[in-house]
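Here are a few numbered points to read alongside the model. Please keep the structure open while you go through them.

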Amino acid sequence: MEPTTQSKPPAPGNGGTNGHTLIHLDGVTKVFFTDEVETHALSGIYLDIRRGEYLSISGPSGCGKSTLLSILGLLDSPTDGKYTLNESPLEALSISDRTRIRNREIGFIFQAFNLIGDLTVYENVELPLTYRGMPGSERRQRVQEALERVGMSHRVKHYPAQLSGGQQQRVAVARALVGKPSIMLADEPTGNLDSKNGEAVMELLRDLHREGATICMVTHDPRYADFAERTVHLFDGRIVEETRA
Amino acid sequence: MSTLFQDIRFGLRMLAKSPGFAAVVVLTLAIGIGANTAIFTLVHAVMLKSLPVGNPGELYRVGSDENCCVIGDFQDNWGIYSYDLYKQFRDHTREFSELAAFEGGRDNLAVRRAGNSEAPQPYIGEFVSGNYFQMFGIGAFLGRLINPDDDRPGAPPVAVMSYRAWQQNFGGDPGIVGSTVTINTVPCTVAGIAPAGFYGDRLESDPPHFWFPIMAEPILRGRNSLLKHPEENWLYVIGRLQPGARVATVQAKLTAQLQHWLAAQPNVEASDRPNIPKQQIALVPGGAGVQQLQYYAKDGLRLLAVLSGLVLLIACANIANLLLARAAARHGETAIRAALGAARWRMIRQMVTESVLLALLGGAAGIYVAYGVAGAIITMAFQGARYVPISAAPSNAVLGFALLLSVLTGIVFGAAPAWFNSRVDPAEALRSAGRGMVERGALTRRSLVVVQVALSAILLIGAGLLTRSLRNLEDQQFGFAPEGKLIVRINPALAGYTPEKLGALYQQLEPRLRLIPGVLSAAYSQYSPMQGANWEDSIQVEGHPPDERIYASFVRVSPHYFETIGTPLLRGRVIGEQDTPTSPAVAVVSEAFARKYFPKDDPIGRHFGLETPANVRNYEIVGVVADAKYADPHAPVHPFFFLPFLQSPKGEPDYMVRSQYAGAIELRVAGKPENLQAVVRRTLADINPDLTVLDMMSLEEQVGRQFNEERLISQLTALFGLVALILACVGLYGVTAFTVARRTNEIGIRRALGADRRSVLSLVMRGVAWQVGLGLVLGIPLALAGAKFLGSELYAVRSYDPLVVAGAAMVLIACTIVASLVPARRATKIDPMVALRYE
Ligand SMILES: Nc1ncnc2c1ncn2[C@@H]1O[C@H](COP(=O)(O)OP(=O)(O)OP(=O)(O)O)[C@@H](O)[C@H]1O
Ligand SMILES: [Mg+2]
């Protein structure tokens, strides 16, 4: 492992996209305005994520990890800077276009699982496909595959409250991958799990990566950061360091 | 006890902490409790209260029927009697310590203070037996009341004045007692003033101003007197029963006397005699006097009580919902209390205390609402009355009712949320936020909205049906044209006219009135349409067997009557100038009369007469006019005939002399009828200064007063429906907003997973649609089932009128959509970021 320090932005032209680059962030900043206070959550992020890469983001609390992830996931838009996904710029998109892209290209895994309590395991996993307007038979097949992939196909009729935390997170992973997104974003996916269950989820992600998935994961835990090929370290809204496994 | 105080203190603190919430709840309750208290105020004042007399519990009325005012036929179930019959009861029923009689109808009076030259003023009087006041156990406010000595033949006529008339019309002048007033041109001594609260023997609008002894009746009424007509029943009878007397025994005794008396009457028709054993009398509690008003108000009040009850239920559902939401928001707090060892019943009590406090505040505000609403109802119900002895002011009974209702309401709407909230698991205090748990009480909240929607649907459908019914009543073909007509009520008898002198009056009336600028045509009649009068008798019709029982209503009318009132002539001719006292007696009949009694042949030229076969050729039919409604606007028209004034063929019953008096003048005018009032008054005073105008109003107004009750009930139901709709919308808004707030995270997740705004909107609105749909599915059949009971109140509307049902459903759907769109739109604005941020 050889730490490299990235202290200045890459030269222009060098940051252009090529066929392997899935995501390209160019000087992305995010400022929150609240009650006359400006919070600079992100202050100039330059980041490329290649297809099939497994990237982890780490850093102290409040450094902007979740903010970065939410911009990557199109949940939020940057104050400034460029975001290119699949070679198309995203700045000028309408809300409904962003919703559509989010649904098709992004899969989310949250720290708090965020399964919907009123829906069964099956329905939770099916949800992103429903929003896509996919025909029922195709949906059924995909959901089945996704649940088998995470080893939860025996619990389709259960409600989230009837599952353990580890099981819930596996279902959440299934929900993230069922839509065959370009990238899966995970924010502290093990934060609410004990170490055994956490490990299991991390192994699941690693396996998915080996099968070709692109994953970007936020984590505090250095043990889990090592699962990734590359780790970017965030401090005060900037990338201060990058390490490779 | 001290813990109760603690609960109350804490409850007040919690309410003070959320004044907005408290205000909404108190307002909602004020409406719900207020509406019910208003109806109770009326139920209490009208249905439950006794007359303000001594020991009303001892009073019994002889007869239970409310029929009025002069009845000549057998009544089967008797309620009204001739003077002869009354004397019979009075002198032969020792079980009564006093048995008094009083007039069923009301007499218009023309009253002038002695020495005053102004036109006499219209007042209302009643003839009562000499022991009337004694029987009621009341004494004079001033002077003395009528006593049995005043009620002897030949006694000088005296009058007792009501306290109210004395105060309002005679300035409370004590000098009036012992002075002379001219009543219907007859001098009478004012013996005294009745006590302040006394309004007579029944609850009615415009109660009598003067009471006279029955023996004064022939003096004041002259030839129209009924005193010496044992065949005319015109007196109600109420008595005070001796202690220990058994009602059943007295009742049997009275019935036996009645049958015995009837059998001894020489002028009872042979055809009636077999029915004598069927004639009977019921002895009923008489503490509330004659219950005509109660009889007519009963159904309406019952309906309003049910409807206001529904409004209160909706209000309760609404508040229970608000409390449930609050309870859910305070869930964490409650879990901590439970963890600290609070007993469950203690928590329930705390919350119920809070609700009862709220309900009491709402009840206090509701008393104000009730006072206003009850006052408005009384005004509307008795539109046109100058005085109604019913007070909207809350009595002790009303205050008690409001208090009881408030406490009950507080328990009802407080219990469910308290129950739910107390079902916390103390362990939850230790867990992190209840993620993934099924929402507590959500089903209850939604069910409450469903109930609200259902109840609102019932009220709206009811309001729609009643409104349509009123519209149909008002817009119906009356058979005359109410617009542009002025009706002037008079009674020449009060000005001292004997039947012989009427001709001279009538000769002047029409030509003088027609000359008034703005009057297009003028006429007069025995009574006018929709004035509340109806003369009816059995008739003998040519070509029909004499024993066929045929009844018809009739009215005497002047020339130009039909063109003035706007009733079209269908065949033959109308009554005209050529019909004089000496010309052959003629009649014009209505279409219904012609259709019924001459179904095949032409009625013109045929004959009929009143009562006995000997009269069958009395009147010759000269014309047929269109049907018109004279009495009950709800009932279909019935056979009617019209006679000219002053014709009186041989054999006409005695009472027909009274029909010669014109009771109403009809004027067809250009412009607003009310504008002519002053000049009409002047013209009549010119003809004879003693001719008192008893009342004057447009025919439209006169017709409109027939619908006072319908208008009141339909407007109140509409008001209740509107309140229900608003409450239901507020409830739905609350539940939807609350659901959206609770599901913020879920909706955020859905948004993060790619749900677009439309699908979020439809997610929320689907829930709304379910609640509204279910509410309608429950409410519409209930409303339709309930509408069957409305049946008698509805005119020309089917109780399942599809237009009304569809209209009510549409209004509900539209309003609930609007109410829920606000929170639903808020849901679409939920930031998907919440999915990430949520901890
Ligand atoms: N909606 C917002 N409004 C205002 N400030 C915000 C908002 N969201 C985040 N911030 C601020 O931006 C900064 C970065 O927040 P962010 O949630 O990205 O941190 P984080 O690295 O994910 O921290 P943690 O490890 O504790 O989750 C913080 O100072 C935070 O207070
Ligand atoms: Mg974070």
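How many nonpolar, polar and charged residues does the shell around ligand 1 have?

1. In this predicted model, the shell around ligand 1 is made up, by class, of 8 polar, 3 nonpolar and 2 charged residues. Those that come nearest, out of the 13 residues around the ligand, are A:Ser61, A:Gly62, A:Lys65, A:Ser66 and A:Thr67.

2. The site is shared between chains, because the residues that surround ligand 1 come from chains A and B. Within chain A, the elements β1 (21-34), β2 (37-50) and α1 (65-72) each supply at least two residues of the shell, and α1(A), with 3 residues, gives the most.

3. Some of the contacts can be followed atom by atom. A polar side-chain atom of A:Thr67 lies 2.4 Å from an oxygen atom of ligand 1, while a backbone N or O atom of A:Gly62 lies 2.8 Å from an oxygen atom of the ligand, and for a backbone N or O atom of A:Cys63 the corresponding distance is 3.2 Å. Ligand 1 taken alone exposes 630 Å², and the protein buries 66% of that.

4. Turning to chain B, the domain assignment gives domain 1 (1-45 + 301-440), domain 2 (56-287), domain 3 (443-477 + 706-839) and domain 4 (491-693). Domain 1 of chain B brings 29 residues to its contact with domain 3 of chain B, which brings 31 residues. Between these two domains of chain B, an area of about 2,800 Å² is buried, and carbon and sulfur atoms give 71% of it.

How values were computed: Residues are numbered from 1 along each chain as its sequence is written. Chains are lettered from A and ligands numbered from 1 in the order in which they are written. This is a predicted model: local features need pLDDT of at least 70, side-chain atom pairs count only at pLDDT 80 or more; totals for chains, interfaces and linings use all residues. Side-chain values use heavy atoms; hydrogens and water are left out. A residue is near a molecule or strand if one of its heavy atoms lies within 4 Å of it. A polar contact is a pair of N or O atoms within 3.5 Å; within protein, one must be able to donate a hydrogen and the other to accept it, and residues adjacent in sequence count only if both atoms are side-chain atoms. Accessible areas come from the Shrake-Rupley method with a 1.4 Å probe; for residues, only the protein chains shown count as cover. Helices (H or I, at least four residues) and strands (E, at least two) are DSSP runs, numbered from the N terminus. Ala, Val, Leu, Ile, Met, Phe, Trp, Tyr, Cys and Pro count as nonpolar, Asp, Glu, Lys and Arg as charged, and the others, Gly among them, as polar. Domain bounds come from an automatic or database domain assignment. Contact means heavy atoms within 4.5 Å. Buried area is the accessible area (1.4 Å probe) that two parts lose on being put together, summed over both.
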